[in-house]
Amino acid sequence: MTDIKEAYNEWAIQYDSNHNKTRDLEATVLRKNLAELNFTNCLEIGCGTGKNTAWLITKCQKVIAIDFSEEMLAKAKEKIKTDKVEFFQADIEQE
């Protein structure tokens, strides 16, 4: 798992600017499926650089955003400046 974490830490610097059909399709599907819903809280597991986090804060009052990559989280924190989001570094495979 450490190798994957290191890879995401290295990828973070260019993650938002890389052409990535899977990431972009996932964002499109998320927005389409949740467009009609509003909710109070959201737990976002694997928030990465915050691309979906920025949209999720328009749909709810509070987002808990988790990622295991410190560098991805750093990028998300640079972009998203609101008290509606709390970021946490965690590996969801660990207790």
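## Start of helix 2

In this predicted model, a side-chain oxygen of Asn20 lies within 3.2 Å of the backbone nitrogen of Thr22, at the start of helix 2. Helix 2 covers residues 21-34, 14 residues in total. From its first C-alpha to its last, helix 2 reaches 20 Å, close to the 20 Å expected at 1.5 Å a residue.

## Nonpolar core

The largest nonpolar core has 13 residues. Within this core, Val63, Ala65, Val85 and Phe87 touch the most other members. Two or more residues each come from helix 3 (51-56), strand 2 (60-67), helix 4 (70-79) and strand 3 (85-89). Strand 2 supplies the largest share, three residues. In soluble globular proteins, nonpolar side chains tend to be buried together.

What is Phe87 in contact with, leaving aside its neighbours within four places in sequence? The partners are Cys47, Thr53, Ala65, Leu73, Ala76, Lys77 and Ile80. Of these, Ala65 is also among the core residues that touch the most other members.

## Cysteines

The structure holds zero disulfides. For Cys47, the nearest cysteine sulfur is that of Cys42, 10 Å away, and Cys47 is in no disulfide. Cys60 is likewise in no disulfide; its nearest cysteine sulfur, again that of Cys42, is 5.1 Å away.

Terms used: Residues numbered from 1 in each chain as written. Predicted model: local features only at pLDDT ≥ 70, side-chain atom pairs only at ≥ 80, totals over all residues. Heavy atoms only, no water. Core = buried A, V, L, I, M, F, W, Y, C linked by side-chain atoms within 4.5 Å. Buried < 20%, exposed > 50% of the residue type's maximum accessible area, 1.4 Å probe, protein only. Helix = DSSP H or I, 4+ residues; strand = E, 2+ residues; numbered from the N terminus. Contact = heavy atoms within 4.5 Å. Disulfide = S-S within 2.5 Å. Expected span 1.5 Å × (residues − 1). Polar contact = N/O pair within 3.5 Å; in protein donor to acceptor, adjacent residues only side chain to side chain.
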